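Please read the report below alongside the sequence and the model that it describes. It begins with a pocket and then turns to the fold and to charged pairs.

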Amino acid sequence: MSRRSVLVAVGWVTTVAVATLIGLGAIRLVGESITGTPGGVRSEAEIERALAAPEPTPGGTTGGPSTASAAPSASAGVRRSFATGGGTAVAECGPDGVRLVSWAPAQGYRVREVDRGPDDDVEVTFEGSAGKHELKVRCIGTEPVAVADD
C-alpha cells in the first residue's frame with residue numbers, strides 16, 4: 001500500500017470523525033427544543049405540583065390594586081388533575097359548573113369521547129387495546145372530584 005493511499009484513508013477517517021462530532025454537538029445544542037421536552041421528561045408528581053401551583057400574574061404584580069376588569073375570570077375555580085390507566089385529565093370548578101381544562105391519553109390509548117362542559121358533570125373516555133377507561137368529574141363545593149359513572 002502506498003504512502004498516498006494511507007494518507008487518503010487517514011484523512012477520510014478524520015473527516016468523518018470530525019463531521020460526526022460536529023453533528024452530535026449540534027443535535028445536543030438544539031435537539032431538546034426540536035425533539036424533546038425542555039427540561040427533560042417530567043414525572044406525574046411534578047406535573048401535579050405544577051398544575052396545583054398558582055399561575056403567575058401578568059406583568060409581575062405583587063398584590064397591589066388590580067387594574068383588571070371586575071368580571072370573574074374563566075379560571076376562578078379550583079383545578080385538579082386525575083389519572084386513569086388510559087390517560088390523564090385536568091378539571092376545574094367555576095361558576096357555571098365543572099369543565100375539563102385538558103386531557104391526554106396514555107401511550108397505546110386514544111380519546112374516544114369528551115364532554116368538556118361546563119356542566120354538572122364532565123366525562124372523558126380513553127380507549128386502547130388493553131380496554132376502556134372512563135373518567136367522570138363533578139364539583140363538590142368548589143373542588144372537582146371523580147365520581148362513579150351512572
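How many nonpolar, polar and charged residues are in the lining of the second largest pocket? By class, this lining has 8 nonpolar, 3 polar and 2 charged residues, where Ala, Val, Leu, Ile, Met, Phe, Trp, Tyr, Cys and Pro count as nonpolar, Asp, Glu, Lys and Arg as charged, and the others, Gly among them, as polar.

The model is predicted, so local features need pLDDT of at least 70 and side-chain atom pairs count only at pLDDT 80 or more, while totals for chains, interfaces and linings use all residues. Residues are numbered from 1 along each chain as its sequence is written, and side-chain values use heavy atoms, with hydrogens and water left out.

The second largest pocket holds about 170 Å³ of space, and of its 13 lining residues, Ile47, Leu51, Thr88, Ala89 and Val90 lie nearest its centre. A pocket here is an open set of points on a 1 Å grid over the protein atoms alone, where a 1.4 Å probe fits, with protein on both sides within 12 Å along at least five of seven lines, and lining residues have an atom within 4 Å of a point; the volume is the space filled by probe spheres set on points joined across faces, edges and corners. Helix α2 gives the largest share of the lining, 4 residues.

The protein has 2 helices and 7 strands, in the order α-α-β-β-β-β-β-β-β from the N terminus; helices (H or I, at least four residues) and strands (E, at least two) are DSSP runs. Buried residues make up 15% of its 150 residues, buried meaning under 20% relative accessible area, exposed over 50% and partly exposed in between, with a 1.4 Å probe and protein chains only.

The structure holds 7 salt bridges, each a side-chain nitrogen of Lys or Arg within 4 Å of a carboxyl oxygen of Asp or Glu. Three of them are set out here.

| Salt bridge | N to O distance |
|---|---|
| Glu92 and Arg79 | 3.0 Å |
| Glu127 and Arg110 | 3.2 Å |
| Asp121 and Lys136 | 3.8 Å |

Glu92 counts as buried at 2% relative accessibility, whereas Arg79 is partly exposed at 29%; these two residues also belong, with Arg99, to a network of salt bridges.
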